[in-house]
Amino acid sequence: PRTIFTDTAVSVRAITFDNSNTYAVAGPGSVNLVQGTSSGSPPTAITVNQGSHQFQAIVNLLNDTTVDVDSGATLVFNNALNLNSNSLTKTGDGEVAIRNDLITGGGMVSLQQGTVSGSGTIGGDVTNSGGTISPGNSAGLTTVVPEPNACILALLGSLGIAGYVLRCRSDRCLRQ
């Protein structure tokens, strides 16, 4: 297990975690995911091949970014995750946990596979095309919510049973 410390803003195109030991990226600096400037530059990405890893530092997306987490692996955002009007696409059968604030700034989280869980605040859209949304701060209900059946949660929320309300239409649910 290791803690990687940054006291300044660091810009990278991609990060790959490929170790069963836990890595924590921490410090008062931030991690900025930004695509290269040359034509044909690969897209920004975070890949977790194995293990449980976390960002304790703020993460800023400066371009659309794919987060690919393999089965049995976990990536946790323990501080602000700022999308800055960009899309975060979650792929792979593993889990992404957002445990503080998700600030979309007009961007969105697109869940393609696996699980997105958390106990923070989502300030924007989350779409689900094939994974599981597992909110962590519900009012004692089962915390795994398979999509697109989340419209049932909207009804429960309007009855005061759940701690939040989802406004849904077809494959898209917005937390209010």
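1. S85 sits in the loop that links β11 and β12. This is a predicted model. Phi of S85 is near 70°, which is positive although the residue is not glycine.

2. N84 belongs to the loop between β11 (81-82) and β12 (87-91). Its phi is also positive, near 55°, and N84 is not glycine.

3. Next, the open sheet. Six strands make it up, in the order β2-β5-β8-β11-β14-β17. Their pairing is parallel. Which strands stand at the edges? They are β2 (10-12) and β17 (121-122). Each has a single partner strand, so one side of each lacks a neighbour in the sheet.

4. β14 (residues 101-103) pairs with β17 in the parallel sense, over 2 bridges. D101 has T121 of β17 as its bridge partner.

5. Parallel pairing also links β4 and β7. Strand β4 (residues 23-26) meets strand β7 (residues 52-55) over 2 bridges, in the parallel sense. Opposite V25 stands F55 in β7.

6. β7 also pairs with β10. How many bridges join β7 to strand β10 (residues 74-77)? There are 4, and the two strands run parallel. For Q54, the bridge partner in β10 is V76.

Methods: Residues are numbered from 1 along each chain as its sequence is written. This is a predicted model: local features need pLDDT of at least 70, side-chain atom pairs count only at pLDDT 80 or more; totals for chains, interfaces and linings use all residues. Side-chain values use heavy atoms; hydrogens and water are left out. Two strands pair if DSSP finds at least two bridges between them.
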